[in-house]
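Thanks for coming. I will go through the pocket, the ligand and the cavities, and then a few backbone details.

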Amino acid sequence: MTVSHTFPAGFAWGAATAAYQIEGAVTEGGRTPSIWDTFSHTPGKVAGGDTGDTAVDHYHRFREDVRLMAELGLTAYRFSLSWPRIQPTGRGPAVERGLDFYRALVDELLEHGITPLATLYHWDLPQELESAGGWPVRDTAYRFADYAALAAEALGDRVSSWTTLNEPWCSAFLGYGSGVHAPGRTDPADALKAAHHLNLGHGLAVGALRAALPRTAQLAVSLNLHAVRPHSSHPDDLEAARRIDAVGNRIFTGPMFHGRYDEDLLADTAHLVKWDELVHDGDLAEISRPIDLLGLNYYNPTVVSSAENAKDLPRHDGHGGGPSPWPGAEDVAFHLANDNVTAMGWPIDPTGLSDSLLAMHREFGLPLLVTENGAAFEDTVSPDGSVHDPERTAYVRDHLAAVSEAIAGGADVRGYFLWSLLDNFEWAYGYEKRFGIIHVDYDTLARTPKTSARWYADVIRRGTLG
Ligand code: GBH
């Protein structure tokens, strides 16, 4: 049976990037180091010793990149603002040269009919704020709100869609828990404090954005909610799933959408932090300020069991034996949902995307965006220079089908942002892993749309998967 997957009128057909992963030009225009500059220049932290110093030089090539987006027919583009480009030390006035880069980028997008979606924070905290304590320190949340106000005042005349944070789970738990992301700290208490201050920063930033932007502005946050599944119906596996849902998902959605931290989460982590000292009066009201859309970044489902029930089974602990990114749930075992994996070793299973969208629709009742979805594969570069990535095409097709199924099931999904527009700096993996629908030759920085890009352009033109 052929199912025709169609999408609503006005559905945003997008692609996504992040500042540190593509811009380069790290010392230009008054920009100072972020935690990712420091981290990537620390030996042993990033594969191959790669850094974002040049990345794909988008800072100088953005006009070419916008032209490529227009050729593909993208109707929307999600990018992030580099905090240390706009407000170098994380304090004080904005730097006009930093803002000018984003003004020029946005004007170029608008001239090509592409709607910008600006993310305020995709992991590049100004190093000076980390040196003052970073996200485990409450003041960082206030600094983030000040920066949000500066960005909105400068760009609010041309950007009407904003997200505050990208994947605060990664910032808190990979940055301060497992230490595989910047700033590379490994203290479970600090990771939990970071999570609360990211939440607070989100809420304060929503307030600052509302004050600075026109009433029609659309505000969102992008969460990498884990599609958690117990490995079996054994009570211990259900308990493992509850714990991962608590510290992986509800630690953000609880305060943001229900104005509370759930009791089970507080109990699981009570030995690590004094929540009643961490959470001040008024914080939960601040964090739960209403937003207009909720963004989901989805890559794969998360299958868990108790350690005991994982004996003799192949395990798949993302943190590979290093410090755990799961405070209060360190003994939970992770399993592959299946053996069909991407070049990251992440299992391919689009049902996690439709399940998550439907669950989010039911629980939060908000319009949704898929703010990231995509995959790394080893692409084939032909002698004639063309780049073939049929596995990526299949991945995106199957995940778009899952989006359309969620829409058919009642979820109000307003758009899809493919990760990523371009091959780029894949954090701890450096340039080894390629997520782009546009290939980048890292010697010449030449851009070549892959076969997946041509396929995506066709889908956008037809508005259906056919
Ligand atoms: C996103 O993070 C980022 O926003 C983006 O910058 C990045 O380039 C992109 O994804 C690709 O990595 O242990 O097998 O279950 C992704 C967050 C967290 C998703 C870890 C996959 C574990 C996979 N990731 N997660 S597994």
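Let me begin with the lining of the largest pocket, sorted by residue class: 22 nonpolar, 15 polar and 4 charged residues. Please keep in mind that this is a predicted model.

How much space lies in the largest pocket? About 1,000 Å³. The lining has 41 residues, and those closest to the pocket centre are Trp-169, Cys-170, Leu-174, Asn-300 and Trp-346. In terms of secondary structure, two or more lining residues come from each of helix 8, at 168–174, strand 8, at 301–305, and strand 9, at 333–335.

Now the ligand. The space that the ligand takes is this largest pocket. There are 16 residues around the ligand, and the ones that come nearest are His-122, Glu-167, His-316, Glu-426 and Trp-427. By class, this shell divides into 7 nonpolar, 6 polar and 3 charged residues.

On to the contacts with ligand oxygen atoms. For Glu-426, a polar side-chain atom is 2.6 Å from an oxygen atom of the ligand. For Glu-167, the distance from a side-chain N or O atom to a ligand oxygen is 2.8 Å. Asn-166 also has a polar side-chain atom at 3.0 Å from a ligand oxygen.

How many cavities of 30 Å³ or more does a search of the whole structure find? The search finds 3. The largest cavity holds about 70 Å³ of space. Its lining consists of Ile-35, Trp-36, Tyr-121, Trp-123, Trp-135, Cys-170, Ser-171, Gly-175, Tyr-176, His-181, Ala-182 and Pro-183. The elements that each give two or more residues to this lining are helix 2, at 35–40, and helix 8. By class, the cavity lining has 9 nonpolar and 3 polar residues, and no charged ones.

Two names on that slide link to other parts of the talk.

Last, the backbone. Where is Pro-183 found? Pro-183 is in the loop between helix 8 and helix 9, the latter at 188–212.

There is also a cis peptide bond from Trp-419 to Ser-420, where omega is near 10°. Ser-420 is in the loop between strand 13, at 413–419, and strand 14, at 438–440.

Trp-427 is in the loop between strand 13 and strand 14 as well. Its phi is near 45°, a positive value in a residue other than glycine. Recall that Trp-427 is one of the residues that come nearest to the ligand. That is what I have for today.

Key: Residues are numbered from 1 along each chain as its sequence is written. This is a predicted model: local features need pLDDT of at least 70, side-chain atom pairs count only at pLDDT 80 or more; totals for chains, interfaces and linings use all residues. Side-chain values use heavy atoms; hydrogens and water are left out. A residue is near a molecule or strand if one of its heavy atoms lies within 4 Å of it. A polar contact is a pair of N or O atoms within 3.5 Å; within protein, one must be able to donate a hydrogen and the other to accept it, and residues adjacent in sequence count only if both atoms are side-chain atoms. On a 1 Å grid over the protein atoms alone, a cavity is a set of points where a 1.4 Å probe fits but cannot get out, and a pocket is an open set with protein on both sides within 12 Å along at least five of seven lines; lining residues have an atom within 4 Å of a point. A molecule sits in a cavity or pocket if more than half of its atoms lie within 2 Å of its grid points. Ala, Val, Leu, Ile, Met, Phe, Trp, Tyr, Cys and Pro count as nonpolar, Asp, Glu, Lys and Arg as charged, and the others, Gly among them, as polar. Grid points are joined across faces, edges and corners, and a volume is the space filled by probe spheres set on the points. Helices (H or I, at least four residues) and strands (E, at least two) are DSSP runs, numbered from the N terminus.
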